[in-house]
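Here are my notes for someone opening this structure for the first time. Have the sequence and the 3D view side by side while you read.

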Amino acid sequence: MVGHYTTHCEVALRDQTEATADLDLHERRRFLLASALSHGHEITEMCALFREIWAVSARNATVADALNAYYQGYATMLVDALLPKEATAEVRQRITLLIVPYVEGYSVVAPAFADRPDDALNLLTDLVRAVENSG
């Protein structure tokens with residue numbers, strides 16, 4: 001079950017990355033981050049299922065290992081799409097540590113901030129740019 005879900009998510013991200021390949025970096029970044037943040041506002045069946053997988057992973061090492069492996073691959077794919085190829089390894093690591101926890105946490109708390117969805121996107125986009133420029 002975990003593999004089915006994570007494969008679905010990886011394919012969706014890969015499709016979005018390919019669909020935005022012709023956009024400039026800023027437009028591509030905003031599109032991909034908006035898509036990632038949208039999971040907090042549009043609770044699909046897949047999002048609800050993922051919350052259940054999180055809960056199970058706290059009690060099951062096999063599920064936790066599968067989830068950790070998924071996050072490693074997801075982070076690499078997303079960061080590769082958000083940053084220029086010449087970004088340093090340090091910048092990539094910092095963006096990974098920012099994006100994945102932010103997006104995953106936002107998916108849970110977004111309804112509390114439903115009146116300001118663009119604020120989160122603007123903040124996250126600005127933070128990615130600041131970290132990129134710091135490296």
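This is a predicted model: local features need pLDDT of at least 70, side-chain atom pairs count only at pLDDT 80 or more; totals for chains, interfaces and linings use all residues.

1. Start with helix α1, which takes in residues 2-19.

2. Which residues of α1 are buried? They are V2, Y5, T6, C9, L13 and T17. Because these residues cover an arc of only 105° around the axis, they sit on the same side of α1. Look at the other side of α1 and you'll find H4, E18 and A19, which are exposed.

3. So much for who is hidden; now for the cover. Among the elements that cover the buried residues of α1 are α2 (25-38), α3 (45-57) and α4 (61-82).

4. With 13 residues, α3 reaches 18 Å from its first C-alpha to its last, close to the 18 Å expected at 1.5 Å a residue. Its buried residues are C47, F50, I53 and S57. Their arc around the axis is only 110°, so they lie on the same side of α3.

5. What does the face of α3 turned away from its buried side carry? Two exposed residues, E45 and E52, are found there. As for the buried residues of α3, their cover includes α1, α4 and α5.

6. V108, V109 and F113 make a nonpolar patch of about 230 Å². V108 belongs to helix α5, residues 89-109. Its relative accessible area is 43%, which falls between the 20% and 50% cut-offs, so V108 counts as partly exposed.

7. On to the charged side chains. Side chains of opposite charge can pair when their charged atoms come close. How many salt bridges are there? The count comes to four, and I pick out some of them below.

8. R92 and D80 meet through their side chains in a salt bridge, at 3.0 Å from N to O. This pair links distant parts of the chain, with R92 in helix α5 and D80 in helix α4, 12 residues apart. What is the relative accessible area of R92? It is 18%, and since buried means under 20%, R92 is buried. D80, on the other hand, is partly exposed at 44%.

9. A salt bridge also joins the side chains of R116 and D119, at 3.6 Å from N to O. R116 is partly exposed, with 40% relative accessibility, and D119 is partly exposed too, with 45%.

10. Last, find D126 and R129 in helix α6, residues 117-134. They form a salt bridge whose closest N and O atoms are 3.3 Å apart. Because D126 and R129 are three residues apart in this helix, about one helical turn separates them. D126 is partly exposed at 43% relative accessibility, and R129 is partly exposed at 30%.

Key: Residues are numbered from 1 along each chain as its sequence is written. Side-chain values use heavy atoms; hydrogens and water are left out. Helices (H or I, at least four residues) and strands (E, at least two) are DSSP runs, numbered from the N terminus. The expected span of a helix is 1.5 Å times one less than its number of residues. Buried means under 20% relative accessible area, exposed over 50%, partly exposed in between (1.4 Å probe, protein chains only). The arc is that of the directions from the helix axis to the C-beta atoms. Contact means heavy atoms within 4.5 Å. Patches are made of residues with over 30% relative accessible area and no salt bridge: like charges are joined within 9 Å, nonpolar side chains (Val, Leu, Ile, Met, Phe, Trp, Tyr) within 5 Å. Accessible areas come from the Shrake-Rupley method with a 1.4 Å probe; for residues, only the protein chains shown count as cover.
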